[in-house]
Amino acid sequence: MATLSKDIFGLEVTNYELIKTAYDAYLANSRSSHAKTMTRSEVSGGGKKPWKQKGTGRARFGSTRNPIWRHGGVAGGRTGEENFSKNLARNAKKVAIMQALSIKNADKAVKVITEADFKADGKVKTAAKALKNLKLDGKNVLAVCAEKTPELLRSTNNLPNVKLVRATYLNVFDIMNADAIVFGESALKATENWLLGKESK
């Protein structure tokens with residue numbers, strides 16, 4: 001049975017600020033900028049001055065598309081080109097992942113399985129049975145693999161509570177929202193190599 005590295009799964013976490021920063025960065029980087037408002041130049045109509053400049057006792061206006069008018073343009077609104085992304089240093093990201101994994105391991109939510117526990121054959125039934133044997137059926141499971149093979153994808157894609165992720169694509173958001181994190185032995189080695197800087201160049 002594989003042994004979990006204390007450098008990754010055994011950290012003592014006393015400050016959660018870095019985990020929160022990484023969590024927020026993941027959400028920000030997943031955010032799309034679709035919202036867009038029209039400025040006064042983009043709203044149709046308003047070509048005619050609504051009333052003459054003087055003599056009416058009312059305020060001066062040159063267009064009904066003025067932002068303070070109903071149905072007018074929007075001043076300072078969304079353009080659809082906003083950039084919400086947040087940058088996090090690579091090493092800081094890895095430390096945050098290791099802290100999150102340590103928290104989950106302390107909660108006994110990290111499991112390492114062998115090929116005898118689950119052999120990907122492309123059948124959902126096989127994967128569902130393996131989860132049941134691990135007492136994980138019905139729970140949100142983050143399954144970590146070294147490589148996403150077609151057999152693994154077919155086995156897990158139709159399981160609603162299972163998310164399959166490559167070891168080098170682990171992130172704090174998925175880790176913290178999982179009830180259980182399942183590593184294959186090869187995935188565990190790939191994770192350790194990546195987080196501890198031992199991956200091949």
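**Entry 1**

I began with D24, which is partly exposed at a relative accessible area of 26%. The model I am reading is a predicted one. I then looked for the partner of D24 and found K20, the two side chains meeting in a salt bridge at 2.8 Å, N to O. K20 is likewise partly exposed, with a relative accessible area of 46%. Both K20 and D24 belong to helix α2 and are four residues apart, about one turn of the helix. I noted the general point that side chains of opposite charge can pair when their charged atoms come close.

**Entry 1. Helix α2 itself**

I checked the span of α2 next. Its 13 residues reach 18 Å from the first C-alpha to the last, close to the 18 Å expected at 1.5 Å a residue. I listed the buried residues of α2 as I19, A22, A25 and A28. Helices α3 and α6 are among the elements that cover these buried residues.

**Entry 2. Other salt bridges**

I recorded four salt bridges in the structure. One of them joins E42 and K36, whose closest N and O atoms are 3.2 Å apart. E42 counts as partly exposed at 39% relative accessibility, and K36 is partly exposed with a relative accessible area of 49%.

Another links the side chains of D174 and K163 at 3.0 Å, N to O. D174 sits in helix α6 and K163 in strand β3, so this pair ties together parts that are 11 residues apart in sequence. I looked up the accessibility of each partner. D174 is buried, with a relative accessible area of 10%, whereas K163 counts as partly exposed at 38%.

I turned to strand β2, residues 141–145, and found five of its five residues buried. V141, A143 and C145 point one way from the strand, while L142 and V144 point the other way. In a regular strand the side chains alternate between the two faces of the sheet.

I then traced the pairing of β2. With strand β3 (residues 162–166) β2 pairs in the parallel sense over five bridges, and V162 is the bridge partner of V141 there. The chain passes from β2 through helix α5 (residues 150–156) to β3, a β-α-β crossover that is right-handed. Strand β4 (residues 180–184) also runs parallel to β2, joined to β2 by four bridges. In β4, A180 stands opposite V141.

**Entry 3. The nonpolar cores**

Which residues touch the most other members of the largest nonpolar core? I found L101, V144, L170 and F183, within a core of 27 residues. The elements that each supply at least two residues of this core include α1 (6–9), α2 (17–29), β1 (110–113), β2 and α7 (185–195). Helix α3 gives the most, with six residues.

Setting aside its neighbours within four places in sequence, L170 is in contact with K93, I97, L142, V144, V165, I175, F183, T191 and W194.

I also noted a second, separate core of 15 residues, which includes V141, A143, C145 and V162. I compared this with my notes on β2: V141, A143 and C145 are the residues that point one way from that strand. V144, pointing the other way from β2, is a member of the largest core.

Key: Residues are numbered from 1 along each chain as its sequence is written. This is a predicted model: local features need pLDDT of at least 70, side-chain atom pairs count only at pLDDT 80 or more; totals for chains, interfaces and linings use all residues. Side-chain values use heavy atoms; hydrogens and water are left out. Buried means under 20% relative accessible area, exposed over 50%, partly exposed in between (1.4 Å probe, protein chains only). Two strands pair if DSSP finds at least two bridges between them. A crossover is right-handed if, with the strands pointing away from the viewer, the path from the first strand over the helix to the second runs clockwise. A nonpolar core is a set of buried Ala, Val, Leu, Ile, Met, Phe, Trp, Tyr and Cys residues joined through side-chain atoms within 4.5 Å. Contact means heavy atoms within 4.5 Å. The expected span of a helix is 1.5 Å times one less than its number of residues.
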